Structure formats: structure tokens, C-alpha cells
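Please find below a few numbered comments on this model, meant to be read alongside the sequence and the coordinates.

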Amino acid sequence: MLQLPYRGLELSADFQGNLTAAIERFNGFARRGVDDDFARGTTAVQLQFNGAVGPNPYPNATMHPISAEGPFYAALLTGGTLDTKGGPKATPDGRILDDTDTPIPGLFGVGNCVASASAGSYWAGGATLGPIIALAHRAARAAHQESAHDRRGTAPASA
Ligand SMILES: Cc1cc2nc3c(=O)[nH]c(=O)nc-3n(C[C@H](O)[C@H](O)[C@H](O)COP(=O)(O)OP(=O)(O)OC[C@H]3O[C@@H](n4cnc5c(N)ncnc54)[C@H](O)[C@@H]3O)c2cc1C
């Protein structure tokens, strides 16, 4: 029997049948060790994030059949954004490059607003915050050293 903790939330009429079928399908994958839907456990980073878990007699360390005995708890999984991978190119000093790869005076950027050194991939946990901390330090130093006439693109005023 499915019980909902919140008023106003309703499950679709076919939810329970779909859930049963989904669990049976998942359990089959877990027993075989091959996930035909999401390829769990096929990359090194999945195994690393999975970590060491309790005894698992099944061949894929990231999967175990779901027990037939409840109680079961559920959470809604929805979309979210961890970081971004687009934006303008920047030098290691945070100088933003124009379309000819020339630094634009006075324009600096680090973090999610610029292109990532890891391009379209996510190296591992900390791969966004770690570089941001290091590169922000470098960018702040470079911006501090850039004089006002550099930023305006004008010659220094004569003393
Ligand atoms: C759930 C979750 C878990 C994460 N876990 C990790 C992790 O374990 N390790 C890791 O390295 N990274 C992790 N990240 C990613 C990391 O948090 C981000 O990549 C990082 O915070 C991005 O820093 P940022 O300064 O570039 O951007 P943000 O932290 O997004 O900062 C941008 C700031 O600009 C402000 N802003 C936006 N628009 C304007 C505007 N028009 N005017 C003024 N201010 C504005 C925003 O309010 C915000 O404060 C995680 C992210 C999430 C969401």
C-alpha cells in the first residue's frame, strides 16, 4: 500500500504497476551485473564515487537487487545544475580572450562564467571549486597589477 506524506500530492493511476515493473527490471540488471538502461558501474569515476559498500555478492559493485521486504522510502529526483561548461576562454591569469585569442584589457573572469579547463568533462569532486580558488587568486593579482591606462587602452598620462 502506497502512503503519501503530503496532502495535495497524487500519484498517477499507473504508478504502482510501473514501479513494480521498474524494480523487477532493475533487479534483473543487478543480478546479471549489466545495466542496460544507465550503464551503472562501467566507468572508473562511478566505481570511485560508489566507494566501498557492504557485502555484495552480485557482479556489479554499484548495483544490488532491491529487497522484496519494505518499508520503502522514495524521493523525488529532479533536474539541477552543478556547474557550467561554457563561456568565454580565459588565460590562467583570468584574462578574458577575444575571438582572436587576444586578452581584452580590464576584463577578467573565473569560475562558472568562463570556459572550464576541463572542457566538457567533470574530473572529480572538487574539480570546480579547486580551480576557482586557485584561478581567482591569480586573476585578482593580475587585475591589481594591470594599471588604469592598460584597462582604458590609453597611454599613461605624462607626469
Ligand atoms: C549541489 C551542488 C554540489 C556541488 N558540489 C561540489 C563539490 O563537491 N565540489 C566542487 O568543486 N564543486 C561543487 N559544486 C559546484 C560549485 O559549487 C560551483 O561550480 C561553484 O560554486 C561556482 O562558483 P562561481 O563563483 O563560479 O559561481 P556561483 O557560486 O554560482 O556564484 C555566482 C554568484 O553571482 C551571483 N549573481 C548572479 N547573477 C548576478 C547579477 N546579475 N548580479 C549580481 N550577482 C549575480 C549569484 O547570486 C552568485 O552568488 C556543487 C554545486 C552544487 C549545486
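1. Strand β1 (residues 95-97) pairs with strand β2 (residues 103-108) in the antiparallel sense over two bridges; strands here are DSSP runs (E, at least two residues) and helices likewise (H or I, at least four), numbered from the N terminus, and two strands pair if DSSP finds at least two bridges between them. Leucine 97 stands opposite proline 103 in β2, and in this hairpin, with five residues between the strands, aspartate 101 takes a positive phi near 65°.

2. On the source, this is a predicted model, in which local features need pLDDT of at least 70 and side-chain atom pairs count only at pLDDT 80 or more, while totals for chains, interfaces and linings use all residues. Residues are numbered from 1 along each chain as its sequence is written, and side-chain values use heavy atoms, with hydrogens and water left out.

3. Around the ligand (a heavy atom within 4 Å) lie Thr81, Leu82, Asp83, Gly111, Asn112, Gly126, Ala127, Thr128, Leu129 and Ile132. A ligand nitrogen is 2.5 Å from an N or O atom in the side chain of threonine 128, whereas ligand oxygen atoms are found 2.7 Å from a polar backbone atom of asparagine 112 and 2.8 Å from a polar backbone atom of leucine 129. The protein covers 32% of the 1000 Å² of accessible area that the ligand has on its own, by the Shrake-Rupley method with a 1.4 Å probe.

4. Arginine 141 belongs to helix α3 (residues 129-145) and counts as partly exposed because its relative accessibility is 46%, between the limits of under 20% for buried and over 50% for exposed (1.4 Å probe, protein chains only). Its C-alpha atom is separated by 9.7 Å from that of glycine 94, 47 residues apart along the chain.

Terms used. A polar contact is a pair of N or O atoms within 3.5 Å; within protein, one must be able to donate a hydrogen and the other to accept it, and residues adjacent in sequence count only if both atoms are side-chain atoms.
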